Amino acid sequence: MRSIKELGTYAENTWCPGCGNFGILTAVKKALVEAFEGGMKAEDVVMVSGIGCHAKIVDYVNVNSFYSLHGRVLPPATGISLSNPELTVICHAGDGDAYGEGIAHLIFTAKRNVDITLIVHDNRVYGLTTGQFTPTSPEGFKGRSTPKGSPERPINPLELVLSAGATFVARGYSGKIGHLKNLILEGVSHRGFSFIEVLQPCYTFFNTYSFYNERVYELEEGEGGTSDRNLAVSLARKWSYDSVDASIPIGIFYKEQRPTFQERILGDRPLLKRKGQDVFGFIKEAV
Amino acid sequence: MKEFSVLIGGKAGDGIKQAGIMAAKIFGELGYRVFLYDDYPSLIRGGHNFCIIRASKEEVLSHNNQVDLILALNRETIERHQHRLKKGGEIIYSSRIEGVSRGVGIGFEEIVKELGGIPIMKNSAAIGALSALLGIERQVLDGVFEKNINKQLDLNKEIAGRAYAEIKEVLFKVERLDSEPLPLFTGNEAIALGAVNAGLDLYIAYPMTPATSILHFLAEQQDRLGVVTVHPENEISVATMALGAAYAGARTMVGTSGGGFALMTETVSFAGQAEIPILFVECQRAGPGTGVPTYTMQADLLFVLNSGHGDFPRLVVAPGDAEEAFYLSGLALDAAWHFQIPAFLLSDKHLSESIFSFTYPEGEREKPPMVAWKGGEGQYKRYAFTESGISPLAFPGQKGCIVKATSYEHDEYGITTEEPEKIMKMQDKRLKKKEGLVHFLEKTEQVKVYGDRDSKTCLVCWGSTKGACVEAALELGLKVVQPLVVEPFPERQFRQALGSSNRLIGVEVNATGQLSRLLSSYGIHMDSTILRYDSLPFTPDDLKGRLKEATS
Ligand SMILES: Cc1ncc(C[n+]2csc(CCOP(=O)(O)OP(=O)(O)O)c2C)c(N)n1
Ligand code: SF4
Ligand SMILES: [Mg+2]
């Protein structure tokens, strides 16, 4: 069993002071400690990340990790969980990572209902490459590659994954750590693809603290989180990622049970425990 | 007859390949070694398909342009291929084709209709007629049908039997040989089986000719062979999924052609940095771009050798026939896991999709074991410094360790580093593994020599070109040298193989002589090259002609 302190590493933390990633890190560690207390084994946890400020999180948590390439969070996570379905795979991606470079993987992972959890650190900006617009930046966003303002409308990631078939869809806010911790625990215990979009202010390139503090509200018990897809979509549409005059719900939007990718592909024969690769017998029969 | 060749042709959708396979199985059943060349355009219906089945008393690894028999299901087959007939050769054709000057016309379509079959079953009629014309016993024909046809066996047999009975005269008798029948496999099947034999757990691929049949074969046989197959959204997903699976302990192979491999190259480099074992199978086809999807070329050698940014050790092997494919895919998978490196197997359409009589590689293969972490004192370090550069492997889920893999430069534990000294040390650690790899490969056969070892003229070829090259050289009294490993390049073995030959001719199926260019970088220069790049493979007969020109 590891405590919050034991979950740390010797890596020097290089996030900017005030960065929303700290809130996510704390929520993840708290969720892990709680999960360990509930019986989950520390050696069974694998964190997977892309490349970006968010991704440094794997250096800061003392569990198994796979620090992947930019955009390539979900395919290796799928590979890991196919290899060993007993592992708890928690993925961290940036908005550039999940909604830009790797968007095809997001759609397909949701479609397949791979039994893993994805936490998107959505700061609506490329942090690590110093402030360009991303797929969720508002229209007109003045980033370093769009000095005249972003010419594109943002996508609504919740609507996207709902239509792609995700079976657990939630949104959290890095400023509400306890709430986020609970979402992560719910996501991890959900059997299937758990998608958690996290509103994460980037202190340096897109400081959205007061914007969110004024607008974010928690969904009440029973307000969402069922298998009512229409309700989930209407909740997702309350805020378009562009509008300023909206309130922004956080919480679980959608939840449904469906067979997972691992179950469909592996059946009752886990990959690493398969037996009987009788190649010579096969060749003999082929004559 | 020492050997004979049959060409079977028709339009796409006529089941030409199936007919070819049945003919090959029949000849195989009689103890012949066979080679089947499958020629088809990139479309599903219409267009011209043909295959050439060459049967021989001796090992046969290629087809010739010339054939003894043509089995024509349509007129186009005769028009296109008549010129290939040897003197005394015959045409067996559907009697619906009018005005054929020689051979035997049989009412394939009428037989099918009469017995209530569907049009594609005329290929069964064709095989029945072919068997009778070659004096093959009816039991052999029936036996092969029984073993190989699942759907509507009785009807197919009846159709074949009716066509068989219509033949009154044997054209030439194909004798039964003493030899035991051998299994028939495509190069791709041999690649797959070799990998499974080395413990393959998982095969991931996105369809792309001519690699697709590995996916089809393993998906079909997954329960029998104990593997899992996955077909994800694109090749980027394929390769990174494979890396994740290998990180968690599954022996994983991916397969594609040049265009798909281009998308995988980010993972090649990632595997080098993260030291995660993976086997890439690259089945070349005529490029560049989409190129000529169903035809052959050996033009991705330098691409694969140089794929992935940064410096890291890799293994690249290039089998020339099914037996070598089986041997090398197993060896490459084992070596990838021992050295924790990316390994590559280069095939091409001609090897991947041709069918070979399969014999086991002789002797025991070297099997380098995975270097596993044994637990013990202290914290597990995924990238621990060791004498060999190989850090013991552990997997997530294993007790008592934390496994941190990463695409960033890192310290021994797997935490990102930007300190110059640590960076250099870790680069050196990875590159160190090449020494062990070279040393290991020294124990294996990396370069093959064929033909007259004392010949001053030596042909240098690689991959599927070996088949035509060796046969032509044997007849002309020349020598052939073929590297099985191209990286790390086995320079010592290669020079030894060249011996005192002083006239080196590079023979390759590409436009610029890629192996020759590679050899130049080792100071080994070809005196000339014979290149073919019309998307077709060399055949011994055409190569002999070009060699005579080149050496006269
Ligand atoms: C293939 C590739 N392209 C570009 C980059 C450069 N790059 C690094 S991080 C990043 C964007 C990160 O944005 P995001 O995913 O939103 O993460 P954040 O830094 O905001 O947490 C880019 C473009 C890269 N590492 N790899
Ligand atoms: S740039 Fe933004 S996201 Fe990155 S560490 Fe700084 S505040 Fe955080
Ligand atoms: Mg971002």
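User: How do the residues of the shell around ligand 1 divide into nonpolar, polar and charged?

Analyst: The shell has five nonpolar residues, eight polar ones and three charged ones. Here Ala, Val, Leu, Ile, Met, Phe, Trp, Tyr, Cys and Pro count as nonpolar, Asp, Glu, Lys and Arg as charged, and the others, Gly among them, as polar. Bear in mind that this is a predicted model, where local features need pLDDT of at least 70 and side-chain atom pairs count only at pLDDT 80 or more, while totals for chains, interfaces and linings use all residues. Residues are numbered from 1 along each chain as its sequence is written, chains are lettered from A and ligands numbered from 1 in the order in which they are written, and side-chain values use heavy atoms, leaving out hydrogens and water.

User: Okay, so which residues are the closest to ligand 1?

Analyst: A residue is near a molecule if one of its heavy atoms lies within 4 Å of it. Of the 16 residues that surround ligand 1, the closest are A:Cys53, A:Asp95, A:Gly96, A:Asp97 and A:Gly127. Helix α4 (residues 95-101) of chain A gives the most to this shell, with four residues; helices are DSSP runs (H or I, at least four residues), as are strands (E, at least two), numbered from the N terminus.

User: Which atoms lie 2.9 Å from an oxygen atom of ligand 1?

Analyst: Look for polar contacts, pairs of N or O atoms within 3.5 Å. A backbone N or O atom of A:Asp97 lies 2.9 Å from a ligand 1 oxygen, and a backbone N or O atom of A:Gly127 also lies 2.9 Å from a ligand oxygen. A:Asp95 uses its side chain: a polar atom there lies 2.7 Å from an oxygen of ligand 1. On its own, ligand 1 has 580 Å² of accessible area (Shrake-Rupley method, 1.4 Å probe), and the protein covers 75% of that.

User: How many cavities of 30 Å³ or more are there?

Analyst: Rolling a probe the size of a water molecule over the atoms shows where empty space is left. A cavity is a set of points on a 1 Å grid over the protein atoms alone where a 1.4 Å probe fits but cannot get out, and lining residues have an atom within 4 Å of a point. This structure holds four of 30 Å³ or more.

User: What lines the largest cavity?

Analyst: Chain B residues, including B:Arg33, B:Glu59, B:Asp321 and B:Phe356. By class, the lining has six nonpolar, two polar and four charged residues.

Terms used: Polar contact = N/O pair within 3.5 Å; in protein donor to acceptor, adjacent residues only side chain to side chain. 1 Å grid on protein atoms, 1.4 Å probe; cavity = no way out; pocket = protein on both sides within 12 Å on 5 of 7 lines; lining within 4 Å. Points joined across faces, edges and corners; volume = space filled by probe spheres on them.
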